[in-house]
Amino acid sequence: MPYIEELKNLIKAVEKTRPERLARKKRGEEFPRMSLDEADEILKKYHPDYKEEGRRELKVGPNKGYRIAHEFADLLEARSRVNPDSIELSRVDIDTDILIIGGGGAGTAAAMLAEQNGARVVLATKLRHGDANTMMAEGGIQAATKTEKDSPCVHYLDTVGGGHFKNEPELAQTLVTEAPDAIRWLENLGVMFSKFPDGRLHSMHGGGTSRRRMHFCGDITGAEIMRTIRDEARNRGNITVLEFSPAVELILNEHGHCAGAILYNLETEEYLVVKAKATIMATGGCGRLHVQGFMTTNHYGATADGIVLGYRAGVELKLLHTVQYHPTGAVYPEQVEGILITEKFRGAGANVVNIDGEQFVNEREPRDVESAAFIRECLERGKGVPTPAGKLGVWLDSPMIDVLMEEGAVEREFPGKYIMYRRFGIDIAKEPMLVYPTLHYQNGGLEYNARGETSIPGLFIAGEVTGGVHGENRLMGNSLLDVIVFGRIAGESAAVYARDRAKDGKLSLQHVKDYNQELEKSGIVTDRVAPMLLPDYANPEVRERQLTARKVGK
Amino acid sequence: MADKEQEKAVNEKSTEKEKAKLIPVYVMGKRYLVPETLTIMKALEYAGYQFIRGCGCRGGICGACATVYRKPGDYHIRVGLACQTVVEPDMYLTQIPFYPANRASYDFEKLSANPEEIFKLYPEVFRCIACNSCTKACPMDVQVMDVIAAVKQGNIERAATLSFSCIQCGLCVSRCMGELPQYHIAQLARRIYGSKIAPRAEHLNEAVDAAKSEECQQALEKLMKTDVKQLREIYKDREIEPEMAAEDWTPAKRDYL
């Protein structure tokens, strides 16, 4: 619905300060950036990651004692979905070289590289192929492609600075080194990057970048990349895709190597045994856990399944105590709350202002700092804009972009968001958007190395399920890059492993039985089951009456 | 204190559903009372559905939740994405989570930019009778019929740019009298355009070589070994490219280039 009268009146304050803010922007005067010390302080005080009451110590598994969000702990301290004794492992339903779990950007890139390296690939995915956070990434993909002003070193500095210097150096090195090649690979497959007439790529800033190295395809970069690589994967004869078939456990063999997974057909409710010489988990993130009650930008299937599977099998967690809140999630209209408003709006010049139309933070701080500043403005300083649903937000002044670039720029550069708001009677070329931080990304995950290997031979991982490359806070444009770079690496590594090093052996779910036993021993009495697979948004009154419902996720 | 307020401010589940007026909607003919402020997707969940199909990104970009509906006393078929469309009183609806559409398989590397290639893979493109039902069925306002017309004329660039917002939900296919798989045809046009017609980003070749060069790798390894304290200093001293700088801007400091 269009802005109600009260909000229309409040927009006048934004319009009043806009000419002066525009003039400052044109003169190149920026709202001062925070020093690293100021950033540390605001994070400690206002960022949800730093709230001690929001986390607890894990009681089981390889990271016993690690303090982590309750929502993750709840999943890790939960029982298997299916009794391991009821699975007949000697009856193998599918036998393949490579099993890939997850059909998003990382899984699909991995499938293509594995296939190119001679492997037969089965790609199993929980929903449809391409239903993933990759599809929703809007802003862009980073790479140092302009050598006269940028390099992998500068990209590296931006990346580790944004990540609080907690990034695994080898992983960050690989990310920035392989970045230009990733872009070239995508262009070759037909991804329609935004370009100058001579073919030179358009590029812009993101939060925390020192060079404009964000490459993009309108404001639907992730969707353009996802649909293109999915289309190519469909051309490859040796890639078989199983949709609506999430993995519920990894299978190990008698040597302790990963040897496949148990898949669950969501529609027929069958459990299938897949035997594979190598397995790649690319299961994505966790937004649908609604960590600390936050709304999320994430896909319906983002329920951290891979974390559960990997942890039960013995892979350690890395930096999972941090999740990313994207500063600009929609809070109005209510129908689209939580939806991502790409950082590219700020990259293109839109200021962030409070109820009085005043700037209170540079609009291009790293995401965690920017989010913390929004929370401070709304909760401590009382300068948030109230919505009819009883929420608070700040203004993202998109109309500035039409003035800074040219009339029509908002509609041209941000067609996705322009159309979405127009459906509700809001013209974002003329009216600002109301935004608040929203749960966006799992910074940490399972431990791995620059070849995509985990501590378990035969188990490779890529994308959001992994932890280490982004440190404690990922920069904009490094996630699409992550899925392409590390998806390709995992695909190639796994294919080589399957060919040269995989060792056949008797299949086993002993690790699952051991884990369930460890739960019991540590006194955890629960009927929680994990992985969650799908969130449940049913009206609580209805849920009470659903006595025998097939609940996948309770 | 802050936590409580924050929770109130941000909890997705705290939308004030109780306050909103309940209205009847008919899901595949069956009546449910749902809050009038919800999208079709959230209304179905409110009613007790847990989606397996028909739900994806929940943000209007993945094409999983195509929905068709009618309103009483109005013969028009209406379309929308369940995650983006607000319920209306007495609307009767069904989701179309999947619609069969044949996709041609091809060796993309070997394809040329000649439109004949598309005609060969999708000869049915000439079955289009220009009825415009596809365009009317598009929840993204893509001018689908114009996309197909551009393909028929051999104008791949136009087909690619006109179809850029396509989310491949399949509603156009479901309404097509000529039985075309429009979104697959458009996908092929976009890939051919992006890879074989639009000018290539030649600077990528140089960047790839530079990134993998020994010189660059040595510089990176030096940074990797630098202790955090010093790294913080280097980070602080980075020269920031001005936001409004011209494309040919270059930094004064050349240390890490």
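**Reading strands, helices and contacts in a predicted model**

Q: In which sense do strand β1 of chain B and strand β5 of chain B pair, and over how many bridges?

A: Strand β1 (residues 22-27) and strand β5 (residues 92-95), both of chain B, pair in the parallel sense over two bridges. In general, strands of a sheet pair through backbone hydrogen bonds, either parallel or antiparallel. Strands (E, at least two residues) and helices (H or I, at least four) are DSSP runs numbered from the N terminus, and two strands pair if DSSP finds at least two bridges between them. In this pairing, V27(B) stands opposite L93(B) of β5(B).

Q: Which strand order does the open sheet of chain B have, and which strands are its edges?

A: The five strands of this open sheet follow the order β2-β1-β5-β3-β4 (chain B), with mixed pairing. At the edges are β2 (30-35) and β4 of chain B, each of which pairs on one side only. On average, neighbouring strands of the sheet are turned by 35° against each other, direction ignored.

Q: Which strands of chain B does helix α2 of chain B lie across?

A: Helix α2 (residues 40-47) of chain B lies across β1, β2, β3 (66-70) and β5 of chain B, and runs at about 105° to β2(B). Such angles, from 0 to 180 degrees, are taken between N-to-C directions of axes, which are lines fitted to C-alpha atoms, for helices over the stretch in contact.

Q: How are domain 1 and domain 2 of chain B arranged?

A: Chain B is divided into domain 1 (17-95) and domain 2 (108-197), with bounds from an automatic or database domain assignment. Their C-alpha centres lie 29 Å apart. Seven residues of domain 1 of chain B are in contact (C-beta atoms, placed from the backbone, within 7 Å) with seven residues of domain 2 of chain B. Strand β4 (residues 78-81) of chain B gives the largest share of the domain 1 side, three residues. By class, that side has five nonpolar, two polar and no charged residues; Ala, Val, Leu, Ile, Met, Phe, Trp, Tyr, Cys and Pro count as nonpolar, Asp, Glu, Lys and Arg as charged, and the others, Gly among them, as polar.

Q: At what angle do helix α7 and helix α15 of chain A pack?

A: Two packed helices are described by the angle between their axes and the distance between the axes. Here, α7(A) and α15 (residues 478-500) of chain A pack at about 80°, with their axes 9 Å apart. This angle makes α7(A) roughly perpendicular to α15(A), a label for 65 to 115 degrees, whereas under 35 counts as roughly parallel, over 145 as roughly antiparallel and the rest as oblique. Residues of α7(A) in this contact include L175(A) and A179(A), and those of α15(A) include L481(A) and I484(A). By class, the contact has seven nonpolar, two polar and two charged residues.

Q: How many residues of chain A are in contact with chain B?

A: Chain A brings 90 residues into contact with 83 residues of chain B. Among the elements giving two or more residues to the chain A side are α6 (152-162), α7 (169-189) and α8 (221-235) of chain A. The largest share, ten residues, comes from α7(A). By class, the chain A side has 42 nonpolar, 25 polar and 23 charged residues.

Methods: Residues are numbered from 1 along each chain as its sequence is written. Chains are lettered from A and ligands numbered from 1 in the order in which they are written. This is a predicted model: local features need pLDDT of at least 70, side-chain atom pairs count only at pLDDT 80 or more; totals for chains, interfaces and linings use all residues. Two residues are in contact if their C-beta atoms, placed from the backbone, lie within 7 Å.
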